[in-house]
Amino acid sequence: MSDTDPHSLTGAYAADALPDDERRAFAEHLQGCPSCRQEVLELTATTARLAAAAAEPAPPQLRSRVLAEIHTVRQLSPSGARSSERDRRTQPWFRQPMGVAASFLLVACLGLAAFALSAQRHASDAEQAAARIAAVATDPHRQVLSQQVRTGGSTIVVAAGGNAVFRADGLTVLPANRSYQLWVMDAAGGARSVAVLGRGTRSHLERFIANVHPGDAIGLTVEPSGGSDRPTTSPVVQVPISA
Amino acid sequence: MSVSARAGETMPGMVSLRRGFRPTVVDDGPPTLDDLLTLVARGDGPAFEVLYDEVANAVFGVVRRVLRDPAQSEEVTQEVLVEVWRTATRFDPERGSATTWILTMAHRRAIDRVRSSQASQDRDLRVATRDHVRDYDQVAEQVEARLEQEQVRRCLEQLTDLQRESITLAYYGGHTYREVAELLDLPLGTVKTRLRDGLIRLRDCLGVEP
Ligand SMILES: [Zn+2]
């Protein structure tokens, strides 16, 4: 019954579809097989997308229960047995020694961001933006256009009623002095900047785009980090909106 | 520099940091889930609240997809989120993003619950098949409204029927590949292969990077 090629189990492993004994055996195989390890990383990131696609509203009462519980739960120390066995080089950056000033700045910066994000969640303009996006995404006459990015990653554009929503996933991370920039390009060769989107370090990006018409194309270019007035490189992806 | 203010409108949850803070670590503006988890690992409660709001629906959704029962799903969701808090210090960004880490943990917990419960051993596989086929349609329907979900649905549609059924039964249905083989009346090797090549195709279609 059992057989053959242990390397073929990466998919079943990533889908949590191995019985416990085979799961343990494959986990051992992984220790000594870098190519399976790499594939498992990628396929696990893929199954996580399946998980995200199943999202549905969590019961509202759960939030306060979880938040109350964490006050009673002690966090593991970072220097567990497992991580002390590990080569220091492979430790995540945040566990490596860092200058006090740098670490303080990092915490201050992230803390501010968390606070801003928290505040934003309740702002009504955020709700309006969400409503505009939902209107496009649920429009019965919407066009859904999906395209791979030349340099890595994929995009999806949903267009309806003169507006569009752009989403990019898994973009290649650019060097520090470069940035992705999103454009609406018209048939006459003009380009209107929508946004400078950063280096692509986030797992995905979404943008609402107003005033998009048949014949326009949504394009993404690589620009100097501040963005450009007009595209200076040819688009890594260009999605035409049809009539 | 302020091109982004001109035309585009940000998604909820996308906040522009003030420029003075940008060059440090968060070069793309809002904190990523990885950033939040870093804060959580330092015991930051408010960061955990933000993280909760970002992931709770996905955690609950995938757990419920596998377990079905809302009360059990709520219980497991709570366990998972508390576990995120407890073990945040052990999160290793080299082995994937925070989202992947959390959702993998959620799915795994749901599977453990399925496998350990007596009920699962009595499950009538035939009934399960019918349910899961319907389940897939439901997933396909519910997802219409959201882009993330739309993208996943489109990519699932591009798989062969066998790939899609194998993945759906295993991942959303919580079946082992041996059970899937029985359900679909296929050799074990075929199911293993379909799970692998199906997920590889899904990975490429979604543009997933670990
Ligand atoms: Zn291998």
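This note covers the fold of chain A and the cysteines of the model.

1. Basis. The model is predicted: local features need pLDDT of at least 70, side-chain atom pairs count only at pLDDT 80 or more, and totals for chains, interfaces and linings use all residues. Residues are numbered from 1 along each chain as written, chains are lettered from A and ligands numbered from 1 in written order, and side-chain values use heavy atoms, without hydrogens or water.

2. Chain A, fold. Chain A has seven helices and eight strands. These are DSSP runs numbered from the N terminus (helices H or I, at least four residues; strands E, at least two). Take contacts (heavy atoms within 4.5 Å) between residues at least 6 apart in sequence: 51% join residues at least 24 apart.

3. Chain A, surface. Of its 243 residues, 48% count as buried. Buried means under 20% relative accessible area, exposed over 50%, partly exposed in between (1.4 Å probe, protein chains only). The accessible surface of chain A is about 11700 Å², with 55% from carbon and sulfur atoms. Areas come from the Shrake-Rupley method with a 1.4 Å probe; for residues, only the protein chains shown count as cover.

4. Disulfide. The whole structure holds one disulfide, a pair of cysteine sulfur atoms within 2.5 Å. B:Cys155 pairs with B:Cys205, S to S 2.0 Å. B:Cys155 sits in helix α8 (residues 147–157) of chain B and B:Cys205 in helix α11 (residues 188–206) of chain B, so the bond ties parts 50 residues apart in sequence. The S-S torsion is about -75°, so the disulfide is left-handed.

5. Cysteine burial. B:Cys155 is buried at 2% relative accessibility, and B:Cys205 is buried at 12%. In chain A, A:Cys33 is buried at 8% and A:Cys36 at 3%.
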